[in-house]
Amino acid sequence: MRPSSGRGSPRVALAGIFIECNRWSPIRTATDFQAGTDLAAAALDQQLRSPAPRLLPDMPAFVAQMDELAPGWEPVALRMAGAQPGGPADHAYFTAFLADVVQRLTDAGPVDAVYVSLHGAALTTERDDPDACLLEALRAVVGPQVPIVAVLDLHANVCARVASALSALVAYRTNPHIALAERGREAARHLHTLLRHGPGAVALGKLPLVPPAPSQLVAPGHPYHDLITLGQQYVGGAILNVSLLGGFALADSPHCGFSVCVSARRGEQALAQDTAQALARAVWAQRHRFVTRLTPLPAAVQAAVQAGLNPEQPPVILADVADNPGGGGSGHTVDLLQALLEAGAQGVVLGVFTDPDLAGQAHALGGGQSVRACLNRQATGQGFDRSLSAEATVLALNDGEFLGRRGMVAGTHRSMGPTALLGVAGRGWAALRVVVISVRQQLLDPAQLDIVGPDLSSVRTLVVKSRGHFRAAFDDFKADHRILEVDCPGLTTPNLSTLPWQRLPRPVFPIDADARWP
């Protein structure tokens, strides 16, 4: 066992890797992490207390809470990496990352605890369990008596090795993810408790249930909200945390499936396990409520046409959920856009469309110029990877830097790369506007539109390349009943039965209606 620092003020190591991996998306390389987040040592330390950090909010919030709970504590910044959701990470990159984190922790000398920020649905080109590999490697360095606490996305695919390596697990409880900072603060409180009373235990209940992403909305009246609310009734006393993780089926991993994780104080493993099993039974009883029903493309287009013709109606949001960059989608499928153009829908803004070639062309032409635009010109022409040509006008240009102001990324600094607002002609009318970006990402925040100026008050239909996180940021723009999740093709389709599964455990509900548990 490695000894702790023995200091009155604890030394806490901080590390993590944040990526959600879609089995069928392009591989994520070192370049993708460098374009996202890859900070180590002093560079990471500088971001921990920055007023506008280039980190997700959980780690800075953890640090802020520790500042209050343990004045004089020492954060030991190891390394934090993150990339936009996509395919499996290049295994060579992950192997080098893991070796570097372990070496930095070893060189840092004894620590009293470790905080880890993870997504929890990572893959590499050779492994289905990189999150477990990282946690086990950290545990091997610090020994069994040093608390390790992690914050995970509620879309994490948790396996038994992850639960065994942790002293406490804290998952998001909101979807859209608007309370990451609170989860970081909660993790700090648990870690502070474990420093005084010894490392706790995490029990795992696993179910053959893979809820499609749109069904994992956490809002009153939805099953996930009801179950998370039920889980919180068990928290207190020896139970530190209850986390219900719907998972990320598109990882196509042996570890997919709904996870119930219960963290308890030292010596309370049996209580934690009994609680996890009781909650797993409650989740299974509600499984039929997780079936997703999408709006057919013609019905969605007709809703947009009507919204444009009738200004007395509230605006509508069309969510292109099958092309969600936040789940590994390309961000440049054209099926919905083409259908809206052909129908002559008016007052439409699409945000955001990833096409660095087109954004670069618009910047080279300059504002006010017209061009025969080819959206997704690199398309293969196979399946849903097609291009679309249309007359367009460059309406506005920007470098793509923005400060999040609402929802998941509020208060953090982000970049979309060179960005352009194009007015695209459709059946003789140029009112369909497209925000074209260079760095692939989903629409999370109105600031992504603000920088090129489409006034939301003039928008009748907002098309979002996103699955659901936009809901927290555009809540003043729409009514919930005016959000339509559109049935289009794409890498993040919620129609799970259509996908070529390779590693997903079967049978599993709802793909297999006859799945049984236990």
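Student: Before we start, what should I know about the model and its numbering?

Tutor: The model is predicted, so local features need pLDDT of at least 70 and side-chain atom pairs count only at pLDDT 80 or more, while totals for chains, interfaces and linings use all residues. Side-chain values use heavy atoms, leaving out hydrogens and water, and residues are numbered along each chain, as its sequence is written, from 1.

Student: How far apart are the end C-alpha atoms of helix H5?

Tutor: Helices (H or I, at least four residues) and strands (E, at least two) are DSSP runs, numbered from the N terminus. The expected span of a helix is 1.5 Å times one less than its number of residues. H5 has 13 residues, 130-142, so it should span 18 Å, and this agrees with the distance between its end C-alpha atoms, 19 Å.

Student: How many residues of H5 are buried?

Tutor: Buried means under 20% relative accessible area, exposed over 50%, and partly exposed in between (1.4 Å probe, protein chains only). Contact means heavy atoms within 4.5 Å, and the cover over the buried residues of H5 includes strand S1 (11-18) and helix H4 (91-108). Pro130, Asp131 and Ala132 are among the buried ones. H5 is mostly covered, and the count is 11 of its 13 residues.

Student: Which residue in S9 does Val242 stand opposite?

Tutor: S8 and S9 (residues 259-264) pair in the antiparallel sense over 6 bridges. Opposite Val242 stands Val262.

Student: Is Ile239 buried or exposed?

Tutor: You'll find Ile239 in strand S8. Ile239 touches residues including Tyr234, Val262 and Leu271, not counting residues up to four places away in sequence. Its relative accessible area is 6%, so Ile239 is buried.

Student: What is the angle at which helix H3 and helix H7 pack?

Tutor: H3 covers residues 58-69 and H7 covers residues 180-197. In their contact, residues including Ala61 and Phe62 in H3 meet residues including Leu180 and Ala181 in H7. The axes are 7 Å apart, and the angle is about 40°.

Conventions: Pairing = 2+ DSSP bridges. Axes fitted to C-alpha atoms, helices over the stretch in contact; angles between N-to-C directions.
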